Amino acid sequence: MSTLKTHNLQSPDAGSVNIAMTPNAGMVVAGLSTYSNQINVGSNIKLGTAGVVTATSFVGSGANLTSLPAQATIANNADNRVITGGSGVNLNGEASLTYTTGILEINHTSCQLDLMEDGATDSNHRIRQNAGNLYIQKLSDNKSSSTTGVVVDGGGHVELYYSGTKRIETTNTGAVVTGILTATSFSGNIVAGAGTSNITAGIITATNIELAIPTSRRNFFINGGMYVAARGTVTGLNAGGFGGPDHIKLVNNLGTFTVAQGNEHESPRSEGFTYCYKLNCTSASGPSASNYVYLHHEFSGYDLQLLRYGYTNPHPITISFWAKCNKTGNFTVTFRTVAGVNRLISKVLTISDSNWNFYSVTFVGDTSVVSVTAGGAYILEIWLDGGNNYTGGTVQTSWSAKDNADRGAGSTLNIASSTSNYFYYTGLQIELGTVATPFEHQLYQWYEHECYRFFYHPNRGSDLLELHGMGHRVADTMGAVIQAYPWPRQMRATPTVSFDDNAGNSNRFAVNGSNNSTTNNVLLSLQQNDQGIMGAFQYPHGISGISENESFRLWAYNFKAEAEF
Amino acid sequence: MYKIIDDNSIEKIGVCIIPRDELNKDYQQFVADVVGIGTTCVEGADKVVTTPYNIARAVEYPSWQEQQDMQYWDAMNGTTTWKDKITEIKNKYAKSQVGVNTIADLPDWVVGLST
């Protein structure tokens, strides 16, 4: 029997058909619960005896699947793969990574991370994390070379580069720009650092520059380049006095000194100075308690009122100069206020060799008001020697009430200790602010004009001042009148004058009248003020040998007019 | 030691002439000395008591023009007007008359410094 033809199969013990044969549509098996081998459904569905169902694909909801494994494993690991989520049930491999929300973390330890475009194209860029720094770099040479554009340093700063050259670096206080910074506008303050950290620039172009510190006329001291030395060399100074470069006074009661103007061979010409102030000891002595040797520079209350001492935000000043000394040791720079107040501040400087060296000192502004006056109000002292009364105190590095013992405290130079000792200096600049700027050289005639405010002498042989006069009668009394003579410029105050008649009589004139006859030892009332000799006269009794209407020449030898502080 | 020249000037004897200007450093020292030492460091101005004969005569001699005019008319008229005038002046101020100076009292502006 090759074919059994029947409609249904039923167990004799069953109450219904177990297998029903459906014409041309298969069969229906009722109550099937066990099967001794796998059941194959078509070619792809296999129902195994161990409860395993396999198929080439499943269709339909998997919501009721249970006991699924805790994680999926991608077994086929390899380099340079990107696995992304896809739609539906797919995990897609993609050419680019898209991540639009949340945090993408790529963690690594002790290795380098590069993000870059694949391929060999030059001028592509990469982001590199390496050794604690993050780089953005331009690639070239088939990615074998790179040029850094941005560095985020692990130490905290950020660097920006142009073609491999660093141009901007952030710092803990701001940023450092190397090169030219251009902007449509700037705001805020530009503050240069101290010492060598100055602002260096070629040309600054702006429609408006507003500066807190002046760029010209910065130097408060009028003869810091030591250009003008009207008094010439002065010897034998054992009780102080002026000499050498103008407007500097040696104050001493110890030793004997010569002061003079040094020439270009004696000055730091490589630094731009062809003159200097020379102080040479010519008679040595050790200090007793009350002795002193210092250089004195004085300023009027008018000239330094801009320091705002005693008012909100008083200005600091910086004092700088070049100095050369045969001795090593310390000397003291002291700045004093002396008008309506009596205070000081000091700093000790060290000479360590006999070369020309640059020194600078910055003093903060004081809180005590200084009088505004044409008289002396501020004094700069450079202490070179002194006894205990002037050096035995404390170096006052903040403003303090004046104590003479503090003025030269810290000075150990002992310039008066040997006749071989010298102290030269030049380039003295006292300026607003905390930075010692390059010395402000002015034209010689400017220095000369400024120095005439304090000292004048006729620039001719024997310093001869020659005036003209005439015998004069008032009623029955003879007199003499002399021409007015203006000083080259208005002086600080009515000057003290000194002269002689070339015959041994101090402060007396020689009068040369008719027939060239000369009368010596003539005293006149000079009538000088800060603008000049405003018409001297002799009245009553006139001048011996001078008749009414007789003209004469009035000679004053070695004439000097001095209005120093 | 100081000497008064006039109300504008003081001589530091043998050294310099100091103006009476409070901004002048030497005048400030003069004031300090008068206050500290006293007025004994200052001498008053010279005061002329007797004029020397030559200065006294010079004041009274007629001018050269006047004297020449006198001499002309003396020659024309046989008079001695010029000679008489000159003799009169010479006799009035004999050669023995020398200048005599005294020292004036210190002015109030100096005395006031020390009081």
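Which residue of chain A forms a salt bridge with Glu11(B)? In this predicted model, the partner of Glu11(B) is Arg508(A), with the closest N and O atoms 3.3 Å apart; a salt bridge is defined as a side-chain nitrogen of Lys or Arg within 4 Å of a carboxyl oxygen of Asp or Glu. Two salt bridges are counted between chain A and chain B.

Residues are numbered from 1 along each chain as its sequence is written, and chains are lettered from A in the order in which they are written. Local features need pLDDT of at least 70, side-chain atom pairs count only at pLDDT 80 or more, totals for chains, interfaces and linings use all residues, and side-chain values use heavy atoms, with hydrogens and water left out.

At the interface, 29 residues of chain A are in contact with 24 residues of chain B, contact being heavy atoms within 4.5 Å. The two chains bury about 1,900 Å² between them, 49% of it on carbon and sulfur atoms; buried area is the accessible area (1.4 Å probe) that two parts lose on being put together, summed over both. Within chain A, the most area is lost to chain B by Thr496(A), Asn507(A) and His541(A), which together account for 27% of what that side buries.

Strands S31 (477-482) and S33 (496-500) of chain A are the elements that give two or more residues to the side touching chain B, strands being DSSP runs (E, at least two residues) numbered from the N terminus. The largest share of that side, four residues, comes from S33(A). The residues of the side of chain A that touches chain B divide into nine nonpolar, 13 polar and seven charged, where Ala, Val, Leu, Ile, Met, Phe, Trp, Tyr, Cys and Pro count as nonpolar, Asp, Glu, Lys and Arg as charged, and the others, Gly among them, as polar.

Over all chains, the count comes to 18 salt bridges. In one of them, the side chains of Glu564(A) and Arg231(A) meet at 2.9 Å, N to O. This pair links distant parts of the chain, 333 residues apart: Glu564(A) lies in the segment after strand S39 (551-562), and Arg231(A) in the loop between strands S15 (175-177) and S16 (234-237) of chain A.
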